[in-house]
Amino acid sequence: MKNIVVIGAGTMGNGIAHTFAQTGFKVNLVDVSEDALAKGMKTITTNLDRIVAKGNLTEEQKTATLGNITTYIKLEDAAQTADLIVEAATENLDLKLKIFRQMDELAPENCILATNTSSISITKIASVTNRPEKVIGMHFMNPVPIMKLVEIIKGYSTSPETFTAVYEMSKTLGKVPVEVNDYPGFVANRILMPMINEAIETLYNGVAGVEEIDTVMKLGMAHPMGPLQLADFIGLDVCLAILNVMHDGFKNPKYAPNPLLVNMVTAGKLGVKSGEGFYDYSESKKAEKVAERFLQK
């Protein structure tokens, strides 16, 4: 596999495109507008500049990486010679099914279709294509250029050949692939999201404040980031969507999202990307200031 298409130039998509391009793959990056593509490319350039500044990449390698990426607003133009397409659109089932129908129609017959979904069934996504044996999950972690883990998720019909090809290719990206079966939340989010939800429940019940909860988990459990800070970083809307998928998939009340999380998403308090979540990011992207609503009186 040499020719890669990445659908979505947002946080995950531009990180995936960056990672493939820096490893020498030719990448066609697709999004719905030139503005979205320009924003994605700006992020990739900024992140490459950081790597160069740290001495881990040369200017020549940076230039080569950017030269490996071509942007498109039409999938039919980008997908003609694709060996692998990685979908990294918003975590919305209807949208992903629509995109996979298009991918299946436009991509070459031998092309593998992958999704970066963090919770949605690979089997469900594959069911709308005529090549379910070539559909697989590649769940990268954010920030993609730095985080080593990739969950490789097999749908019910994913062939051994497809799995092996994607698993081995992930190693060439400098990643550590982990084989996972297709159940709601996979491994990472099946364990992580209930912890985040329980941290929100602890805050909701007045057991402790935002900083106190995060401090306990950082200092007591050696987590690099507290669960409430991590929720803000992921995006509270994304956390809610994943919990809803697991709650619907397992029909188990332990996955039901806390009412505080639901209200915050409804109010548009989504974390870092909206400027406020459990912390206030109006002055810094770091979790240095607890949002006024959660300041203990």
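Residues are numbered from 1 along each chain as its sequence is written, and side-chain values use heavy atoms, with hydrogens and water left out. In this predicted model, local features need pLDDT of at least 70 and side-chain atom pairs count only at pLDDT 80 or more, whereas totals for chains, interfaces and linings use all residues.

Helices (H or I, at least four residues) and strands (E, at least two) were taken as DSSP runs, numbered from the N terminus. Two strands were treated as paired if DSSP finds at least two bridges between them. On this basis, strand β4 (residues 84-87) pairs with β5 in the parallel sense over four bridges, and Glu87 stands opposite Thr115 in β5. A crossover is called right-handed if, with the strands pointing away from the viewer, the path from the first strand over the helix to the second runs clockwise.

Strand β5 spans residues 112-115, with Ile112 and Ala114 pointing one way and Leu113 and Thr115 the other. In a regular strand the side chains alternate between the two faces of the sheet. Each of these four β5 residues is buried, a term that means under 20% relative accessible area, with exposed meaning over 50% and partly exposed lying in between (1.4 Å probe, protein chains only). Cys111 also counts as buried, because its relative accessibility is 0%.

Strand β5 runs parallel to β6 (residues 135-140), and three bridges join the two. Leu113 stands opposite Val135 in β6, and Thr115 stands opposite Gly137. From β6, Val135, Gly137 and His139 point one way, while Ile136, Met138 and Phe140 point the other. Six of the six β6 residues are buried, so this strand is largely enclosed by the rest of the structure.

On to β7 (residues 149-154), β6 is joined by five bridges, and these two strands run antiparallel. The bridge partner of Phe140 in β7 is Val150, and that of Met138 is Ile152. Strand β7 in turn pairs with β8 (residues 176-181) in the parallel sense over six bridges, with Leu149 opposite Val176 in β8. The chain passes from β7 to β8 through helix α7 (residues 160-172), and this β-α-β crossover is right-handed.

Helix α7 includes Ser170, which counts as buried because its relative accessibility is 0%. Not counting residues up to four places away in sequence, Ser170 touches Met138, Ile152, Lys175 and Pro177, where contact means heavy atoms within 4.5 Å.

Nonpolar cores were then examined, each being a set of buried Ala, Val, Leu, Ile, Met, Phe, Trp, Tyr and Cys residues joined through side-chain atoms within 4.5 Å. In soluble globular proteins, nonpolar side chains tend to be buried together. The largest core here has 34 residues, and those with the most contacts inside it are Ile16, Phe20, Val27, Leu29, Leu84, Met138 and Phe140. Helix α2 (residues 34-53) supplies the largest share of this core, six residues. Another core, of 29 residues, lies apart from it and includes Cys239, Val272, Tyr281 and Val290. Cys239 is buried, with a relative accessible area of 1%. With residues up to four places away in sequence left out, Phe140 touches Met12, Ile16, Phe20, Asn116, Leu149, Val150 and Leu173.

The disulfide count is zero, a disulfide being a pair of cysteine sulfur atoms within 2.5 Å.

Asn14 lies in helix α1 (residues 11-22) and is buried, with a relative accessible area of 6%. Leaving aside neighbours within four places in sequence, Asn14 is in contact with Gly8, Ala9, Gly40, Thr43 and Ile44. The Asn14 side chain reaches the backbone oxygen of Ala9 at 3.3 Å. This is a polar contact, defined as a pair of N or O atoms within 3.5 Å; within protein, one must be able to donate a hydrogen and the other to accept it, and residues adjacent in sequence count only if both atoms are side-chain atoms. Asn14 and Leu243 are 229 residues apart in sequence, and their C-alpha atoms are 25 Å apart in space.
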